[in-house]
Structures are given as structure tokens and as C-alpha cells.
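Here is a quick tour of the model shown below. Have the structure open as you read.

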Amino acid sequence: MLESPVLGAAALGVLAAIVVFFFLVRFVRGHWVDGRPNTDAQRERDRAHREAQRRAPEEAARKGERYDLVVAETQYDRVPPEVRGTINGLQTFVREIPDPDGSDALAVGETIRVQVTDYGSKGTTAQARFLDRR
């Protein structure tokens with residue numbers, strides 16, 4: 001049979017582990033919200049995203065107009081391949097791009113000229129046609 005001091009030490013160890021666990025949970029929940037860091041920069045991005053969702057897409061980019069777009073992401077694994085960037089905060093997807101397998105493939109950070117052709121079904125994105133490199 002275990003002696004009283006050993007039981008007391010074991011109980012104290014379990015209690016300390018529980019307290020540490022709850023402090024860790026509070027720390028993580030305070031620094032992460034919905035899987036994203038709870039920082040000033042993330043809160044600003046979330047606020048801007050909510051505002052963009054309430055804004056009509058025409059306020060950012062008009063159909064038929066031409067815009068310069070900086071390529072933020074290349075999605076060459078899609079069919080058809082496309083690149084993504086933003087026009088005045090509006091996520092814009094560009095298809096009919098130069099051959100991604102060729103030497104003229106677009107790169108992240110490159111500026112291209114596009115013409116807005118349509119908006120996404122919820123009005124939170126735009127589609128555009130590639131015109132040329134800048």
C-alpha cells in the first residue's frame with residue numbers, strides 16, 4: 001500500500017498538470033481565433049475582408065476596364081491554369097494566360113495588364129482576361 005506522502009505528491013502532480021493544461025488552452029485560444037493568429041495585423045485583414053464582402057464588385061473593378069495586376073499566386077495545376085491577384089482589394093482570377101509550360105510562364109510578383117470580364121457568383125471575386133505583361 002502507498003504511503004500518505006506519496007499519494008499527496010502524486011495528487012499534487014496531477015493537479016499541477018491540470019492547471020498547466022488549462023493555462024496553455026487559454027493562451028492558445030487567446031492567440032489563435034478560428035485557426036488564425038489573433039494579432040493586430042490579422043484583425044485588420046479580417047476587417048478588410050468583411051468590408052470587401054459588403055462592397056459591390058463594381059466599386060473595385062468595372063467590367064470591360066483594363067487594370068494592372070500583380071500576380072500573387074500561380075495556379076498552373078488547375079485546368080485551365082490561372083493566376084490570382086487583386087484589383088483594388090478584389091480577388092481577381094485570370095485565365096487564358098501564357099503557356100505555363102513554356103518559357104513565357106507568369107511568375108509571382110510580375111505585373112500584368114488584364115481586362116475584367118465577369119464577377120464571381122457572390123460578387124466577391126472577379127474574372128479577367130490576360131492582355132500583356134507590363
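## Strand pairing around β3

Strands β3 and β7 run antiparallel and are joined by 5 bridges. Keep in mind that this is a predicted model. Within the pairing, leucine 69 sits opposite isoleucine 112 of β7.

## A closer look at leucine 69

What surrounds leucine 69, once neighbours within four places in sequence are left aside? Its contacts are Gly85, Thr86, Ile87, Thr92, Val94, Glu110, Thr111, Ile112 and Val114. Glutamate 59, on the other hand, is 10 residues away from leucine 69 in sequence, with 16 Å between the two C-alpha atoms.

## The nonpolar core

The largest nonpolar core is made of 18 residues, and those with the most contacts inside it are Val83, Ile87, Val94, Ile112, Val114 and Val116. Which elements give two or more residues to this core? They are β3 (66-70), β5 (82-87), β6 (90-95), β7 (111-119) and β8 (125-133). The largest share comes from β7, with 4 residues. As a general point, nonpolar side chains in soluble globular proteins tend to be buried together.

Valine 94 is worth a look of its own. Setting aside neighbours within four places in sequence, valine 94 is in contact with Leu69, Pro81, Glu82, Val83, Val114, Ala128, Arg129 and Phe130.

## A nonpolar patch outside

On the surface, Val14, Ile18, Phe21, Phe22 and Val25 make up a nonpolar patch, and together they have about 460 Å² of accessible area. One of them, phenylalanine 22, is found in helix α1, which spans residues 4-31.

## Salt bridges

How many salt bridges does a search of the whole structure find? The count is 10. One of them links the side chains of aspartate 118 and lysine 63, at 3.5 Å from N to O. Aspartate 118 is in strand β7 and lysine 63 is in the loop between α2 (40-54) and β3, so this pair ties together parts that are 55 residues apart in sequence. Aspartate 118 is partly exposed, at 35% relative accessibility, and lysine 63 is also partly exposed, at 48%.

Arginine 134 belongs to the segment after β8 and aspartate 68 to strand β3, so the pair ties together parts 66 residues apart in sequence. Arginine 134 is exposed, with a relative accessible area of 57%, whereas aspartate 68 is partly exposed at 41%. Arginine 134 also forms a salt bridge with aspartate 132, where the closest N and O atoms are 3.8 Å apart; aspartate 132 is partly exposed at 33% relative accessibility. Through shared partners, salt bridges join Asp68, Arg113, Asp132 and Arg134 into one network.

Note on methods. Residues numbered from 1 in each chain as written. Predicted model: local features only at pLDDT ≥ 70, side-chain atom pairs only at ≥ 80, totals over all residues. Heavy atoms only, no water. Core = buried A, V, L, I, M, F, W, Y, C linked by side-chain atoms within 4.5 Å. Buried < 20%, exposed > 50% of the residue type's maximum accessible area, 1.4 Å probe, protein only. Contact = heavy atoms within 4.5 Å. Patch = residues over 30% accessible without salt bridge, like charges linked within 9 Å, V, L, I, M, F, W, Y side chains within 5 Å. Areas by Shrake-Rupley, 256 points an atom, 1.4 Å probe, with all protein chains shown as cover. Salt bridge = Lys/Arg side-chain N within 4 Å of Asp/Glu carboxyl O. Pairing = 2+ DSSP bridges.
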